[in-house]
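Here is a brisk report on a predicted model. Please look over the sequence and the coordinates first.

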Amino acid sequence: MSGLLSQVVAAFLGSASFALLFQVPKDQFLFGGAAGAASWLCYLVFLRFHPSVVLASFAAAILLSILCRVFAVRRKTPITVFLTCGIFPIVPGSGIYYTVYYFIMSQNDLALYKGIETLKIAVAIALGIVLVLSLPYSLFRAFGRKTQN
Amino acid sequence: MNDSRRILELAIKAGEILLYNGGEIFRVQETMLRIAKAYGAEDFHVYIVSTGIFATALVDGRLHSTTLVQIPLSAMHLGRVIAVNSLSRDIACGRCEIDEAFRRLETIEAIPFYPPWMRVLVTGLGCAGFGFILGGDFFDSVISFLSGAILSCFLIYADRRKLSKIIANLMASALVTLCGLTFFHLGLGNHIDKIIIGSLMPLVPGVALTTSIRDFLNTDYLSGMIRLIDTLLVASCIAIGVGAVLGAASLFLGVVV
C-alpha cells in the first residue's frame, strides 16, 4: 500500500514538473500533475487484477481523458494542456527506448517484441483518448462553471 | 486595407502560434475557422498539417491565399496555447475588435518561457519522478535528478547555439548515459538502466508517438505520418547516442551493462 502511494506521488511529481517544462501557467500545472497521478494509479491497480500492460494502458487512458475533459470544461482551458502532462506516466517512452536499443545492439528478437508491444500500447492509449474525446460535450457540461463576463 | 485580408492574416497568425506551441491539428483548424466566421469572412478554407498551414479566403470574387510553413515539434509552450484559446473564445462572443485581437496576439507571442534555472529544476524533478515509477528506487531517483539537470543545461545550451535536432539529440543522449555511468561507477545508484531511462524521459518521444496515432485515428494521415517519422528519427538518435557510449564503455573499460 505504501508502495502504491509512493508510486502515485512520484507520478504526480513527474507530471507536474513536466507541465512546468511545457510552460503551463502556475495556476494550472498542478492539475496536469493530478491527471498524471490518477492515470498511473489506474494503471497500477488494473495491473493487479489483470496482467496486461496494453489493457492497463487503455484503461488508464480512458480515465485520464475523462478527468482531463472535466478539468478542461471546469477551467476553460484546452484539454491538450492536461492531456500532454497527464499522459507522461503511461506513455511508452521506455518501450521506444528499449526497442531501438535492442535494434542497435543487434538483439533483433527482443527489438521486435518490444517494438510490437510499444506500438500496441501507443494505439491503446490513443484509442482510449479518441473514444473519450468523441463523447458528446453535453455529458461534461454539468462540470462547467457559470461565469458572468 | 481591405477587411477580409486582415481577417485572413489574423486567423493565420492565431493558427501559427497555436501550431508552433503545441496545439493539436483539429484545434488549430477549429480556432481559425471560428475567428474567420466571427468576423464574417466568407469562403474561408484551411488545411493544416503538423508542419504547415494553408489558408485561402475569397474576397470580392478575388482569391487571396496565404501559405505558411514552420518547423514541427519545437519547444512546447502550452501557456500560449491557453492564451490563444481564450482570445478565440472572446472573438467568437464578439467581445474583441480586430485591431485589439492583433495586439493581443502580439502580447501572446511575447509570453516568456520560465527562467533557465527553473527549467533545469523541473527537468531534474521530472526525471527523478519517472525514474522512480519506471522501477528505480530512491537513490536511483536522486541520480536521475542530477543527470536530468545536467541534460537540461545541455538542452538550453543546444537551443541557444541552434544545434540541429539530430545532433542535439545524439549528444544529449550520449551525455545522459555518460553521466549515469559515471555516477553509477562512483558507487551512486543501484539500477543503471532505470537511471538512464529516467533521465532520458525529456528526450524520448512518447507523447509524440501517441499524438501521431491520435492524428491517424482522426484521419489526419499526413500529420500522423510526419509525426511518426519524427518520432522514429528522434528515437534512433537517442538509441545511437546511448548505444555508442555503452558500447565504448564495454569496449574500453570492460563494463557490462
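How far does helix 3 of chain A reach from its first C-alpha to its last, and what is expected at 1.5 Å a residue? Helix 3 covers residues 53-75 of chain A. That is 23 residues, reaching 32 Å. The expected value is 33 Å, and the helix comes close to it. Lys76(A) follows helix 3 of chain A. The phi of Lys76(A) is positive, near 50°.

**Chain A: annotated spans**

UniProt, in an unreviewed entry, lists "domain: Threonine/Serine exporter ThrE" at residues 7-133 of chain A. An unreviewed UniProt entry also places the feature "transmembrane region" at residues 29-46, 53-73, 79-100 and 121-140 of chain A.

**Chain B: overall build**

Chain B holds 10 helices and 3 strands. From the N terminus the order is α-α-β-β-β-α-α-α-α-α-α-α-α. The C-alpha trace of chain B spans about 75 × 30 × 30 Å along its principal axes.

Chain B has 257 residues, and 50% of them count as buried. Its contacts with a separation of 6 or more were also sorted by sequence distance. Residues 24 or more positions apart account for 65% of those contacts in chain B.

The accessible surface of chain B is about 11700 Å². Carbon and sulfur atoms make up 64% of that surface. Chain B carries 20 positive and 21 negative side chains. The centres of these two sets lie 3 Å apart.

**Chain B: transmembrane annotation**

For chain B, UniProt (unreviewed entry) gives the feature "transmembrane region" at residues 170-189, 195-217 and 229-256.

| Span | Helix | Strand | End C-alpha distance |
|---|---|---|---|
| Residues 7-133 of chain A | 83% helix | 0% strand | 27 Å |
| Residues 29-46 of chain A | 100% helix | 0% strand | 26 Å |
| Residues 121-140 of chain A | 65% helix | 0% strand | 27 Å |
| Residues 170-189 of chain B | 80% helix | 0% strand | 24 Å |
| Residues 195-217 of chain B | 78% helix | 0% strand | 34 Å |

**Helix 7 of chain B**

Helix 7 of chain B runs over residues 165-185. Its 21 residues reach 30 Å from first C-alpha to last, close to the expected 30 Å at 1.5 Å a residue.

Which residues of helix 7 of chain B are buried? They are Ala168(B), Asn169(B), Ala172(B), Ser173(B), Val176(B), Thr177(B), Cys179(B), Gly180(B), Leu181(B) and Phe183(B). Gly187(B) follows helix 7 of chain B, with a positive phi near 90°.

**A loop residue: Asp43(B)**

Asp43(B) sits in a loop of chain B. The loop lies between helix 2 (25-38) and strand 1 (44-49).

Why does Asp43(B) count as partly exposed? Its relative accessibility is 44%, and partly exposed covers values between the buried limit of under 20% and the exposed limit of over 50%.

Setting aside residues up to four places away in sequence, Asp43(B) touches Thr56(B), Ala57(B) and Leu58(B). Asp43(B) and Ala57(B) are 14 residues apart in sequence. In space, their C-alpha atoms are 5.7 Å apart.

Notes
Residues are numbered from 1 along each chain as its sequence is written. Chains are lettered from A and ligands numbered from 1 in the order in which they are written. This is a predicted model: local features need pLDDT of at least 70, side-chain atom pairs count only at pLDDT 80 or more; totals for chains, interfaces and linings use all residues. Side-chain values use heavy atoms; hydrogens and water are left out. Helices (H or I, at least four residues) and strands (E, at least two) are DSSP runs, numbered from the N terminus. Buried means under 20% relative accessible area, exposed over 50%, partly exposed in between (1.4 Å probe, protein chains only). Contact means heavy atoms within 4.5 Å. Accessible areas come from the Shrake-Rupley method with a 1.4 Å probe; for residues, only the protein chains shown count as cover. Lys and Arg count as positive and Asp and Glu as negative; His and the chain ends are not counted. The place of a charge is taken as NZ of Lys, CZ of Arg, CG of Asp or CD of Glu. UniProt positions are given in the numbering used here, feature names are shortened, and annotations may be inferred rather than shown by experiment. The expected span of a helix is 1.5 Å times one less than its number of residues.
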